Amino acid sequence: MRADDHVRVAVIGSGFGGLGAAVRLRRMGITDFVVLERADAVGGTWRDNTYPGCACDVPSHLYSFSFAPNPRWPRSFSGQEHIRAYLEWVTDTFGLRPHIRLNSEVESARWDNEELHWVIDTPRGPLTADMVVSATGALSDPKLPDIPGLSGFPGKVFHTARWDHDYDLRGKRVAMVGTGASAIQIVPSIEREVDRLTVFQRTPPWVLPRADRRISGFEQWLHSALPFTRAARRRLLWTIRELQVGAFVRHPGQLRVVEKIAERHMKRAVKDPQLRAALTPDYRIGCKRILLSNDWYPALAKPHVDVVTGGLREIRGSTLVASDGTTAEADAVIFGTGFHVTDMPIADRVKGANGTTLAEEWQHGMAALRGSTAAAFPNFMMIIGPNTGLGNSSMILMIESQLNYLADYLAKLDALGGRAALTPRPEAVENWNRDIQERMRRTVWNTGGCTSWYLDASGRNTTVWPGTTAAFRKETRTLDLGEYDVVRAREGAPA
Ligand SMILES: Cc1cc2nc3c(=O)[nH]c(=O)nc-3n(C[C@H](O)[C@H](O)[C@H](O)COP(=O)(O)OP(=O)(O)OC[C@H]3O[C@@H](n4cnc5c(N)ncnc54)[C@H](O)[C@@H]3O)c2cc1C
């Protein structure tokens, strides 16, 4: 049965992915849709990550929608508050507010084989939808490691993506667990106010200089008055990153040159040979995400900042114990330990045509067709699904490619007429993933000698796209009906 509340499309999530989908639907003339968001505001990543120093690490003129250019980005790598404001502006400018339902966490979504629609449960009541677009984000649900003794720690504990702004770090002994993209922005931003900072490092990252600067008033004016200057800037940023892909994907050996730049960058700031040794990675640059910072190494070289190698093993009262036995006293522990990437929580909540959840279907690893659709999940599309992540460029490019695929999906459904659904053929999903894994074999992510969050528990890379963004754009320009089965409503079933 259709709920009283039936829509043609239900989008889950209001980050770049969900808002982008909403804009595309409106531009197609579709107004019968909702965006279901669990939080009380739009913005996704850029609403949740408010830690000190939070900013993008892909230049803003590329890390933004092509259809919603912002000539007024204040810096080459703009801060969280500016990116969040941009997403609020997109929401207003494209008339998305009436479609957005906040505080509407999708608790479950189940495909109804009889009615050919999705039945969705939210705390604000159920609804049904012909199609679900899941844009719940790959870096959305924080992951806390299971550290023995953590529950007995008497001080403050929080994750970087859930920063506690009421907690005053001034004069405190703080432990930062992890040395990833968030930690590298936080440590230099807080080290001046804390009494002592201990950084627990399991694996050192490769760090390159960050070409960040204020974008002058004149440049901003120029980009407003002469839009082709902004477009040219974006094009240049995009081209540089496309040219890097060959080294990551086919010729990782070429990245040795980049390692030299990173080594020099560290040497300039870290004079202590022992610390330098501890901070030097033993894997090929690019295998884990390359980080950009000018103040990470200078911060680590300060006398009140300690780097403990080996990672955090256990906590005894207020004493933190590293796996090499080193101990540190702390008043607060900040976990920069990443997100549920290869075990995305929405997969537990979505049940397809076989009555099984996506997580059950993916027990041997995530797999989708063109990063977007999954076998036995009719009229279900993921924005930023498996193997759509990038090591060096803007995720917005991938999202916009998937919006093309979504538009063609809906157009093809329309053309079929009557009540129908599209579900990818299992062999099409298999072929796509076989090809991806084949291409993955030579990449730096698989051969670079590191373990990273790009790999799942079995060591398969189900997160990164092994190619250029242009290649992905081509692969998702249209939906090939040959890769799909058409499911039709039974004759006599109620319309
Ligand atoms: C700190 C940080 C910095 C980053 N910097 C960059 C960068 O510089 N360049 C780059 O390309 N990428 C960057 N990324 C990756 C970034 O996540 C993507 O670029 C992009 O923001 C993803 O958008 P999204 O809409 O797919 O997901 P998100 O922005 O994560 O949005 C997902 C939304 O879905 C909602 N949601 C989840 N589950 C449910 C549910 N069950 N029901 C209802 N709502 C739900 C969430 O509340 C959230 O609002 C960064 C990520 C982080 C964490």
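**Entry 1, the domains.** I began with the domain assignment of the chain, which gives domain 1 as residues 6-141 + 340-488 and domain 2 as residues 150-211 + 239-335. I note here that I am working with a predicted model. Taken over C-alpha atoms, the centres of domain 1 and domain 2 are separated by 30 Å. I then looked up the contact between them, and I found that 28 residues of domain 1 and 29 residues of domain 2 take part. On the side of domain 1 that touches domain 2, the elements giving two or more residues are α13 (444-447) and α14 (469-475), and the largest share, three residues, belongs to α13. Sorted by class, that side of domain 1 has ten nonpolar, 15 polar and three charged residues.

Next I asked which residues come nearest to the ligand. Of the 32 residues around the ligand, I list Gly13, Gly15, Gly17, Gly44 and Gly137 as the ones that come nearest. Helix α1 (residues 16-27) provides the largest share of this shell, namely three residues. By class I wrote down 15 nonpolar, 13 polar and four charged residues for the shell around the ligand.

I followed an open sheet of five strands, and I read its order as β7-β16-β8-β9-β12, with parallel pairing. The edges are held by β7 (156-159) and β12 (305-309), each of which has a single partner strand, so one side of each is left without a neighbour in the sheet. From one strand to the next, the twist averages 20°.

I then went through some of the pairs. Strand β7 runs parallel to β16 (residues 332-335), and four bridges join the two. For Phe158, I looked up the bridge partner in β16, and I found Ile334. Helix α4 (residues 183-190) packs on the sheet, where it touches β8 (173-177) and β9 (196-201), and the direction of α4 makes about 165° with that of β8. The strands β8 and β9 pair in the parallel sense over five bridges, and I found Val174 standing opposite Leu197 in β9.

Is β9 enclosed or open to the outside? I answer that β9 is largely enclosed by the rest of the structure, because five of its six residues are buried. As a reminder to myself, in a regular strand the side chains alternate between the two faces of the sheet.

Phi of Arg370 is near 55°, and Arg370 sits in the loop between α10 (358-361) and β18 (380-382). Is Arg370 buried or exposed? I count Arg370 as buried because 24 other C-beta atoms lie within 10 Å, and the cut-off for this is 20 or more.

Phi of Ile384 is near 60°, again a positive value in a residue other than glycine. Ile384 belongs to the loop between β18 and α11 (395-416), and I count Ile384 as buried because 25 other C-beta atoms lie within 10 Å.

I found Glu329 in strand β15 (residues 327-329). With 13 other C-beta atoms within 10 Å, I have to call Glu329 partly exposed, since a residue counts as exposed only with 12 or fewer and as buried with 20 or more. Not counting residues up to four places away in sequence, Glu329 touches Arg173, Ser318 and Thr319. I also checked Glu329 against Thr443, which is 114 residues apart from it along the chain, and the C-alpha atoms of the two are separated by 41 Å.

Is Lys288 buried or exposed? I count Lys288 as buried because it has 25 C-beta neighbours inside 10 Å. Which residues does Lys288 contact, leaving aside its neighbours within four places in sequence? I found Pro205, Cys450 and Ser452 in contact with Lys288. The C-alpha atoms of Lys288 and Gly253 are separated by 15 Å, while the two residues are 35 residues apart along the chain.

Conventions
Residues are numbered from 1 along each chain as its sequence is written. This is a predicted model: local features need pLDDT of at least 70, side-chain atom pairs count only at pLDDT 80 or more; totals for chains, interfaces and linings use all residues. A residue is near a molecule or strand if its C-beta atom, placed from the backbone, lies within 6 Å of it. Ala, Val, Leu, Ile, Met, Phe, Trp, Tyr, Cys and Pro count as nonpolar, Asp, Glu, Lys and Arg as charged, and the others, Gly among them, as polar. Domain bounds come from an automatic or database domain assignment. Two residues are in contact if their C-beta atoms, placed from the backbone, lie within 7 Å. Two strands pair if DSSP finds at least two bridges between them. Axes are lines fitted to C-alpha atoms, for helices over the stretch in contact, and angles run from 0 to 180 degrees between N-to-C directions.
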